[in-house]
Structures are given as C-alpha cells and as structure tokens.
Amino acid sequence: MKEIFANIPVIPYEGPNSKNPLAFHYYDANKVIMGKTMKEHLPFAMAWWHNLCATGADMFGRGTADKSFGASEVGTMSHAKAKVDAGFEFMQKLGIEYFCWHDVDLVPEADDINETNRRLDEITDYILVKMQETGIKCLWGTANMFGNPRFMNGAGSTNSVDVYCFAAAQVKKALELTVKLGGRGYVFWGGREGYETLLNTDVKLEQENIANLMRMAVEYGRSIGFTGDFYIEPKPKEPMKHQYDFDAATAIGFLKAHGLEKDFKMNIEANHATLAGHTFQHELRISAINGMLGSIDANQGDLLLGWDTDEFPCNVYDATMCMYEVLKAGGLTGGFNFDSKNRRPSYTQEDMFKAFILGMDTFALGLIKAAAIIEDGRLDQFVKNRYASYSTTELGKKILNKTSTLEELAAHAEQLGAPELPDSGNQEGLQHVVNDILFRN
Ligand code: XUL
Ligand code: CO
C-alpha cells in the first residue's frame with residue numbers, strides 16, 4: 001500500500017534531552033510507573049473527526065488543510081477508505097492503540113438512512129481488516145445527532161417524533177458498529193440536547209425523552225452483546241445556549257434520577273470543564289467520587305475565550321492534576337481520546353504529528369509528575385491530617401457513620417462554648433510542594 005505520510009517516520013522515544021520535534025521526549029510506552037507501563041496508564045486514542053476530517057474550516061473561511069489523503073474526490077466512499085488508510089498509518093507511526101468515531105465521520109451521509117447504513121457496513125468491514133492487521137482497537141463509537149438539520153431542536157430532546165425515531169435509528173446502528181468493532185464504550189454527547197429559549201421549550205418532556213432514548217440504548221446494547229460502558233460527555237453550552245448535561249454533577253444527578261447510573265459513566269472533556277466554569281480536575285474528581293470516571297477527551301481550551309477551542313493539550317500543570325485524579329481513581333475503563341484539532345495555520349501533515357506528540361508527551365509528563373506527587377506523599381498526608389478529627393474522636397466517628405444526632409452535637413458545642421479555629425489550610429505551602437515536584441531536575 002502507498003504510504004500517505006511518506007515524509008514522516010515511525011516516531012521514536014528519544015528522552016527529555018532530545019530536540020527532535022518528531023520524537024517523544026517523555027512518552028516511553030513501555031516504561032513502568034507505579035506498577036504499570038505508560039501505555040497501560042495512557043490508552044491514547046485518535047478522534048476520527050478532528051484528525052481525519054477537519055480541514056481547519058471555520059465560519060469565516062474555508063479549510064486550510066488537505067485531508068483528501070490521495071482520494072481523487074472528497075466525500076466519496078473511496079475518500080472514506082483513504083481516511084481509514086491514513087488513520088491506521090498515522091496511529092501506527094505514533095504507537096496509538098485506539099480510535100473513536102461518529103457514524104458520519106466514517107462515511108459520507110446519504111440522503112436515505114438505508115444507504116448510509118449500507119456504507120457504514122462496508123467501511124467497518126474495511127476497518128475490521130485493518131484492526132486485525134495492526135492490533136489497533138476501538139475505544140468508543142457514537143452517533144452524530146447534531147450536524148444534520150433535522151436535529152436542529154435536538155435528538156432525544158426534539159419536538160418531532162419522526163426525528164426522535166431517526167435519532168433512535170442512528171443510536172441503534174452506531175451501537176451495532178461499536179459491538180462489531182469491539183469498542184470499549186459508547187458515548188452520548190448531547191450536542192443539541194438543550195434549549196435556546198424556555199419560551200418554546202418543555203424541559204420536563206425533553207429530559208424524560210432523552211433518558212428514555214438512553215434506556216432503550218442500554219436495553220438494545222446489552223441485548224446485542226455490548227458489555228462496555230455507556231458514557232455521557234457533559235458540556236454546558238455550544239452549540240446550544242443551555243445544554244442539559246451541563247457538567248458532571250448535573251449529568252450524574254440526571255442518570256440517578258432516571259435509574260441509568262449502573263450502565264453509564266462520564267467521558268470528561270477538559271475544555272468542556274472550562275466552559276462550565278470548572279477546572280478539569282474538578283470534573284474528574286466529581287466523577288471519580290461517584291464511581292463514574294470512565295474516559296477522557298484530552299484537550300484544552302483558552303481561558304480568554306468562551307467557546308470550545310479543542311486545542312491539543314500542552315498545559316503540564318493541568319495534565320499532572322488530571323493524572324493525579326486518574327491514578328487515585330485506579331485508572332480509566334476507557335482511555336484518553338485527543339478530541340483536539342490543529343490550529344488553522346498548522347495545516348501540514350507534519351503538524352498533525354507534532355500535535356499528537358505534544359499531547360501524548362504532555363500527558364506522559366503529567367503521569368510522571370502525578371506519580372511523583374503521590375510517591376512524595378506530602379499532599380496526601382496533609383489531607384489526611386486535615387480531617388483527622390473525624391477519625392480520632394468519638395463524635396467524629398459518629399458523624400462519619402451517620403449515627404450522630406443533632407442534640408449530642410449541639411451539647412458538645414455548648415460544652416465547648418466556642419471551638420478553636422481549624423488549622424491552616426496551607427494552600428500556598430502545598431502549591432509550593434507541587435511546583436517543587438514539577439520543576440526540580
Ligand atoms: C463536541 C465534542 C464531541 C464529542 C463526541 O464538543 O466534544 O466531539 O466528543 O460527540
Ligand atoms: Co469531546
């Protein structure tokens with residue numbers, strides 16, 4: 001087969017002293033950290049849509065990048081196959097073991113859903129052969145239920161029964177393909193599941209219909225042998241003004257209210273956390289303490305902008321705090337999908353590789369530093385001591401066991417008259433510890 005990225009070699013690990021831009025400086029796939037190899041800690045995935053489909057087009061101008069990958073006409077089935085060839089060569093050269101997709105990333109959507117489904121069968125047959133040849137696996141699949149104009153009012157939240165049935169049909173097919181490709185998970189990002197104005201919106205009906213679509217997806221998925229996790233990917237806004245899956249806490253509450261919490265986990269995207277007014281770490285922590293940290297869309301946003309920029313992650317501090325949460329949670333059932341795209345002026349093939357090298361190295365460095373923070377132990381020790389009064393006093397233990405009464409706690413307060421101030425929170429001291437670990441040689 002003709003090489004598509006002919007000028008790009010297999011990307012080697014060369015270590016932190018390397019100045020080679022086409023080499024990993026931190027991601028050393030087989031290096032063992034806290035008992036697992038880097039590649040086990042970091043199941044990296046390529047997002048079909050950004051890497052193989054996005055050309056850098058925005059609402060002010062057409063694309064800058066050529067993503068035809070040698071196909072004579074884009075938007076055809078031969079282009080779809082060229083994207084498969086390009087994707088697998090790309091992943092092999094970078095040592096990426098997983099990919100994820102929306103249905104419409106894989107093939108051009110036809111006017112009739114029956115023809116679209118036929119094309120999907122054809123392309124996934126082709127992908128399966130590539131998977132068998134390379135050992136590359138599917139992280140998750142999903143249905144794009146926000147791009148087609150029919151979803152202008154949402155998919156599960158649409159006002160039209162016919163459109164709702166189209167959403168159901170797409171979820172059904174995407175689940176079948178996820179099973180066919182052995183995907184670890186199935187994602188619901190509620191692209192247009194929200195509203196622009198309450199003046200025309202029945203929020204209760206819309207939310208119940210979304211939950212019902214998810215319930216049917218779980219029932220059907222389990223009936224055809226899907227054993228992985230379903231994920232909600234929270235995002236507060238964009239494209240809608242208000243999206244129902246605002247953040248992890250909201251999505252978890254929604255799942256619990258509708259009895260879906262056993263089958264679902266969170267797919268946390270860093271830039272979506274930013275848009276919700278949270279840190280990435282906050283969203284991960286909320287998911288983890290609820291036993292719902294499933295997978296991660298590893299990108300970053302821009303604090304000065306109010307929209308989703310899907311940048312390749314370069315912020316080592318954030319990546320360290322992310323990996324700290326992931327290590328504490330015992331790892332992910334999913335993986336780290338780079339739901340990130342090159343900037344519009346970075347339009348060359350080499351830029352595509354540099355972007356992934358940056359992202360993978362950022363998370364590898366984050367992993368190294370997070371392990372160092374845990375091994376150092378000062379943060380954990382501080383947190384343990386900070387709450388020690390609950391584990392060392394009778395009343396504290398009663399509060400933790402939920403056996404205390406208001407009367408006995410009040411009696412204790414009245415006996416004290418006034419409590420001593422709690423110890424210092426030591427925020428600056430702890431930030432100093434983190435900096436020491438991040439920047440010492
Ligand atoms: C959009 C987004 C999606 C989901 C999958 O903000 O993140 O690409 O990851 O539908
Ligand atoms: Co995403």
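1. How far does a polar side-chain atom of glutamate 269 lie from an oxygen atom of ligand 1? In this predicted model, the distance is 2.8 Å, and two further residues make an approach of this kind: a polar side-chain atom of glutamate 233 lies 2.7 Å from an oxygen atom of ligand 1, and one of aspartate 339 lies 2.7 Å from an oxygen atom of the ligand. The protein covers 93% of the 290 Å² of accessible area that ligand 1 has on its own, where accessible areas come from the Shrake-Rupley method with a 1.4 Å probe.

2. The surroundings of ligand 1 consist of Trp49, His102, Trp189, Glu233, Lys235, Glu269, His272, Asp297, Asp308 and Asp339, a residue being listed if one of its heavy atoms lies within 4 Å of the ligand.

3. Residues are numbered from 1 along each chain as its sequence is written, while chains are lettered from A and ligands numbered from 1 in the order in which they are written. As this is a predicted model, local features need pLDDT of at least 70 and side-chain atom pairs count only at pLDDT 80 or more, whereas totals for chains, interfaces and linings use all residues, and side-chain values use heavy atoms, with hydrogens and water left out.

4. Helices α10 (residues 280–289) and α11 (residues 316–328) have axes that come within 9 Å and cross at roughly 5°, helices here being DSSP runs (H or I, at least four residues) numbered from the N terminus. Their crossing makes α10 roughly parallel to α11, a term for angles under 35 degrees. Phe280, Gln281, Leu284 and Arg285 of α10 meet Asp318, Met321, Cys322, Tyr324 and Glu325 of α11, with contact meaning heavy atoms within 4.5 Å; these residues divide into five nonpolar, one polar and three charged.

5. Helix α11 also packs against α17 (residues 427–439), at an angle of about 105° and with the axes 12 Å apart, and the two are therefore roughly perpendicular to each other, a term that covers 65 to 115 degrees. Val316, Tyr317, Thr320 and Met321 of α11 touch Val434, Asn435 and Leu438 of α17, and this contact has five nonpolar, two polar and no charged residues.

6. Two backbone details deserve a look. Most residues other than glycine have a negative phi, and most peptide bonds are trans. Phenylalanine 69, in the loop between α2 (48–53) and α3 (77–94), has a positive phi near 50°, and the peptide bond from glutamate 238 to proline 239 is cis, with omega near 10°.

Notes. Axes are lines fitted to C-alpha atoms, for helices over the stretch in contact, and angles run from 0 to 180 degrees between N-to-C directions. Angles under 35 degrees count as roughly parallel, over 145 as roughly antiparallel, 65 to 115 as roughly perpendicular and the rest as oblique. Ala, Val, Leu, Ile, Met, Phe, Trp, Tyr, Cys and Pro count as nonpolar, Asp, Glu, Lys and Arg as charged, and the others, Gly among them, as polar. A polar contact is a pair of N or O atoms within 3.5 Å; within protein, one must be able to donate a hydrogen and the other to accept it, and residues adjacent in sequence count only if both atoms are side-chain atoms.
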